[in-house]
2 protein chains.
Amino acid sequence: MKNKPIIHQMVAELFNLDENLLNDYASLESSVEELIARLNLKIVKKDRYDFSPQGTTAFFILSSSHLAVHTWPENNYLHLDLITCQKIPGKKELKKILSEIFKIKLGEVKVREIPYDRN
Amino acid sequence: MKNKPIIHQMVAELFNLDENLLNDYASLESSVEELIARLNLKIVKKDRYDFSPQGTTAFFILSSSHLAVHTWPENNYLHLDLITCQKIPGKKELKKILSEIFKIKLGEVKVREIPYDRN
């Protein structure tokens, strides 16, 4: 087996977000793009799908992989799934960045790193 | 905090795949769509980005979330990231389905379930 690529995967869950923000895609997209910029990642393609009556799945293909965004306005809940081959900040730093961008408390952000073997 | 949505997330890694398959997107897409059908999931939108000189990121927005696909032909490696609110087969069954669809040994498929709290 040849060497695997190096993969960093982070899953973030944001709680207690304003339902109006989660239903206002322009505002949400601006926050997500601020996150991508702060992580020094680059978007090469993006698209989204709006569910009925509410909820959006947005997808950002990055030059070094992807960020998928899922909203559940009825639960005040946002889910972010980031996979990248590029070095990104650790869990603690990412949590801080997310709480700043989305203006919520640190306790309302949960970040997990999905571990990958290096061989 | 209101109840969180129920989320199932599976990350699959496939090793030792034929580099030609990973560079032949039509064939790869057909395999991925077979997987989606076997999991009783439904595509609502799809798109992809081809990297230079090789490697593809493909994104399938599902009626119940997403499947993201990343290829690394130079490593004979395929990465699948599935998030869904719908019940899907467990790790063992998913591993079997993937080995059948991609015609590789069970030992060449690694499947992990990312756990989510239910409250």
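**Helix packing, sheet order and chain symmetry**

In chain A of this predicted model, the cover over the buried residues of helix α3(A) includes β1 (8-14), α2 (25-38) and β6 (109-114) of the chain. The buried positions of this helix, which spans residues 91-101, are A:L94, A:K95 and A:L98. Because these buried residues fall within an arc of 100° when the helix is seen down its axis, they line one face of α3(A). Just after α3(A), a positive phi of about 55° is taken by A:K103.

The strands of chain A form an open sheet of 6 strands with antiparallel pairing, in the order β2-β3-β4-β5-β1-β6. The antiparallel strands β1(A) and β6(A) are joined by 6 bridges, and A:V11 stands opposite A:R112 in β6(A).

In chain B, helix α2 (residues 25-38) has 14 residues and reaches 20 Å from its first C-alpha to its last, which is close to the 20 Å expected at 1.5 Å a residue. The buried residues of α2(B) are B:L28, B:V32 and B:L35; seen down the axis of α2(B), they fall within an arc of 50° and therefore line one face of the helix. On the other side of α2(B), the residues B:A26, B:S30 and B:A37 are exposed. The elements that cover the buried residues of α2(B) include α1 (19-23), β3 (56-62), β4 (65-72) and α3 (91-101) of chain B. Just after this helix, B:N40 takes a positive phi of about 60°.

As for the relation between the two chains, chain A is superposed on chain B by a rotation of 180° with 0.0 Å of shift along its axis, at an RMSD of 0.0 Å. This is the relation of a two-fold axis. The same surface serves both copies, in that 100% of the contact residues of chain A recur in chain B.

Conventions:
Residues are numbered from 1 along each chain as its sequence is written. Chains are lettered from A and ligands numbered from 1 in the order in which they are written. This is a predicted model: local features need pLDDT of at least 70, side-chain atom pairs count only at pLDDT 80 or more; totals for chains, interfaces and linings use all residues. Helices (H or I, at least four residues) and strands (E, at least two) are DSSP runs, numbered from the N terminus. The expected span of a helix is 1.5 Å times one less than its number of residues. A residue is buried if 20 or more other C-beta atoms lie within 10 Å of its own, exposed if 12 or fewer, and partly exposed in between; C-beta atoms are placed from the backbone. The arc is that of the directions from the helix axis to the C-beta atoms. Two residues are in contact if their C-beta atoms, placed from the backbone, lie within 7 Å. Copies are superposed by least squares on the C-alpha atoms of residues with pLDDT of at least 70 in both. Two strands pair if DSSP finds at least two bridges between them.
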